Amino acid sequence: MTVFSAYSDEEILDYLIAQVKDGTVETDMATLKKQSFNANASGGESGLARAFIEVESVADIQGVLRTARKFHLPVIPQTTATSTVIGSDGQTGALILSTRQMNRILEIDKEDSVAVVQPGVVNGDLDQAARKRGLFYAPDPGSKPISSIGGNVSTNAGGMSTVRYGATKDNVLGLKAVLADGREIKLGGRTLKQAFGYDLTQLFVGSEGTLGIITEITVKLMPIPLGQTVMGVAFFGNMGALAKAVTAIRMSGVYPTMLEALDGNTVIALDKYEHTHYATTSGAMLIFKLEGSSPESMAVVKDLLAKYEGQNVQVTDDEQEQADLEQLRRDMLPAVFAGQNHLMEDMAMPLSKLAPMMDYLQDLGKKLGITIYTAGHAGDGNVHPTFVWPKDEEAVPEVIIEALRQTFWKTLELGGTISGEHAVGMIKNQWNNPELGETVDQLQHQIKTLFDPMNILNPKRKID
C-alpha cells in the first residue's frame, strides 16, 4: 500500500526544533540507536526513534507534545532508561522525550518532612541530600544509584525497604504533569492526608508515562531512626523454609527494614562474582536488617530463625559490614546475568503464598530442565525469578517462554500479581485481561482514552 505523507521528515524536524527553546533535539544515528534500544530488557519490540529530545522546561515538553499532536507521532517518555520491561525504548518514528536534564532538587523542607524534585533527580542523590539534613528518602530499588525519581514514580518502583516503608506510591504526596493536550496540572500537595476529590496523584503513580509527562514530584522524607541498626544473614535448606521464617518474622511485631531472599543458584553465582563462600553453607540465604533494634527484638528474630531451621546466623552492627551486605544484595543481578542471556520476572504474592511459590519455581526448573535463579524482597512477597539461556542463542528459547507462561498462570492462581515493581511495558501488556479481568481491562483503556485521546503517550506500553 502506498502512503502519501502530507509532510516530509525535514518539515517535521524543522517544526519540532522550533518548538524546543531550552533543550536540544538530536537526530544523529548513534544517539538514536543508543536511546532507542535499552540493554536492560530482552525482546525485539523496540524501534528506531525519529528524534531524541532532552527537554529542560515545561515549555519544551509542551512543544514536543504540540509536534506530536500535529503530526500524529508517538512520544516515549524517558529519564535514565533503566526499564527492564521495554517501557521506555524507542518506537519506529517516535519522539523520545527525555527529562534527565530536569534534575534539580527544588526543595528539602525538614519541618514539613518533604522534598520537591524534578523528574530527572537520581534516587540515590535525593537520599544523600536528605541525609545531610537528618532525613532520608525511603524507596530503594536495586537501581537506586542510577534510576530517577520520575522513572520510579512512573513504574511505582519498590525495593529492599518496602517491607517497612512501602513502595514509591506510599511516599508520593503530589506531582505536576503535562497532559497530552499540553495543559499542566497540579495533583496532591505536601500534606500527609488528602481526601478532596478523586486521587489522581496515585492514578499517575505507576502509569508508565501513558497519561502525562511528570514534571515535578513532592515526596515524603523520613527522620533517620534512633537506636542501633543491625544486619545479619541466615541460611536455610531451601527457599520454602526461608519463606516460612520470613512470614513469621514479618508477623512478630519486630518491623524489619529488610528481608531479602537468595536461592542456592543465586548464592553460587554471587560467590563466583564476589569471590565469597556462602554457597558452601546451605541452599538459601536470608539477609535481614532491623533499624532501632533492641536486645528484645533481636532475641525474637533469632528465636524465629532457629524455629524454622535457620543455620549459621551472623549479625553485625558494623556500618561497613552492613554496607557490604547491602552491596552483596545489589550485586545479585550482575552476578546472575554474567555471561548468559536472561529474563528477570517480578511477581508479588500474598505473604501466605510466598513459600508455595518458591517451591513451585524450584520444581518448575527441574521439570523443564532449565536453571532458574530466584531472589526477591521476601518481606513484602516480591519474587524475582531469573530465567537464563546461553549467550550464543539470540532468540528467547521456547522452553523459557513456556516457563514464563506457567509461572504467570501459577502466580495468578495463587492470588498474586505478575508485576510487583518493574511495571508492565511491552513485555507483559498481553496479560491485562488474565490479571485484571475483562471489565477492568476495558476500564483501563477508557481511562487512557480520557487522558490521551490521540494515543500519542507511550503507546502499547502498560495496556495494549
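1. Glutamate 413 is exposed, with a relative accessible area of 59%. Exposed means over 50% relative accessible area, buried under 20%, and partly exposed in between (1.4 Å probe, protein chains only). The side chain of glutamate 413 forms a salt bridge with lysine 410 at 3.2 Å, N to O. The term salt bridge covers a side-chain nitrogen of Lys or Arg within 4 Å of a carboxyl oxygen of Asp or Glu. Both residues sit in helix α14 (residues 398-413), three residues apart, about one turn of the helix. Helices (H or I, at least four residues) and strands (E, at least two) are DSSP runs, numbered from the N terminus.

2. A note on the basis. This is a predicted model, in which local features need pLDDT of at least 70 and side-chain atom pairs count only at pLDDT 80 or more, while totals for chains, interfaces and linings use all residues. Residues are numbered from 1 along each chain as its sequence is written, and side-chain values use heavy atoms, with hydrogens and water left out.

3. The salt-bridge count comes to 17. One of the pairs is aspartate 9 with arginine 50, at 2.9 Å, N to O. Aspartate 9 belongs to helix α1 (residues 9-19) and arginine 50 to the loop between α2 (29-36) and β2 (51-54), so this pair ties together parts 41 residues apart in sequence. Aspartate 9 is exposed, at 53% relative accessibility.

4. Some bridges join up. A network of salt bridges links Glu107, Asp109, Asp112 and Arg190. As background, side chains of opposite charge can pair when their charged atoms come close.

5. Lysine 448 and aspartate 452 deserve a look. Their side chains meet in a salt bridge of 2.7 Å, N to O. Are these residues, lysine 448 and aspartate 452, buried or exposed? Both are buried.

6. Threonine 210 touches that pair. Its contacts, leaving aside neighbours within four places in sequence, are Lys448, Asp452, Leu457, Asn458, Arg461 and Lys462. Contact means heavy atoms within 4.5 Å. Threonine 210 lies in the loop between α7 (200-204) and β10 (213-220). At 6% relative accessibility, threonine 210 is buried.

7. Isoleucine 447 is located in helix α16 (residues 438-451). Isoleucine 447 is partly exposed, with a relative accessible area of 29%. Neighbours within four places in sequence aside, isoleucine 447 is in contact with Leu203 and Leu211.
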